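Colleague: I'm new to reading models like this one. Could you take me through one part of it slowly?

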Amino acid sequence: MGAINREWHAAHRMPTKPTPEPRGEWHAEHQDECACRVPSEKETALIAAWRQARPSR
Ligand SMILES: [Zn+2]
């Protein structure tokens, strides 16, 4: 179990709409800012797709 970044979670609610882009963004930033859980295979794919769509950050 990793540490929960409570401030990040308070500022970044998980999007409820089932569209891939905001979910990819959420998981990508979550992976950078917090280590409370390991992303699933589907979440890892969302992260990769989002990072490819937005390479300059
Ligand atoms: Zn977290």
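Colleague: Please look closely at Gly-24: is it buried or exposed, and why?

Modeller: Happy to! A word on the ground rules: residues are numbered from 1 along each chain as its sequence is written. This is a predicted model, so local features need pLDDT of at least 70 and side-chain atom pairs count only at pLDDT 80 or more, while totals for chains, interfaces and linings use all residues. Here pLDDT is the predictor's confidence in each residue, from 0 to 100. The mean pLDDT of the protein is 90, and 93% of its residues reach 70 or more.

Now to your residue. Gly-24 is buried, because 22 other C-beta atoms lie within 10 Å. The cut-offs are these: 20 or more other C-beta atoms within 10 Å of a residue's own means buried, 12 or fewer means exposed, and anything in between is partly exposed, with C-beta atoms placed from the backbone.

Gly-24 sits in helix 2, which covers residues 20-33. Helices (H or I, at least four residues) and strands (E, at least two) are DSSP runs, numbered from the N terminus.

Leaving out residues up to four places away in sequence, Gly-24 touches Leu-46, Ile-47, Ala-49 and Trp-50. Contact means that two C-beta atoms, placed from the backbone, lie within 7 Å. The C-alpha atoms of Gly-24 and Glu-43 are separated by 7.2 Å, although these residues are 19 apart along the chain.

Finally, step back to the two helices. The axes of helix 2 and helix 3 come within 8 Å and cross at roughly 100°. These axes are lines fitted to C-alpha atoms, for helices over the stretch in contact, and angles run from 0 to 180 degrees between N-to-C directions. Helix 2 and helix 3 are therefore roughly perpendicular to each other. Angles of 65 to 115 degrees count as roughly perpendicular, under 35 as roughly parallel, over 145 as roughly antiparallel and the rest as oblique.
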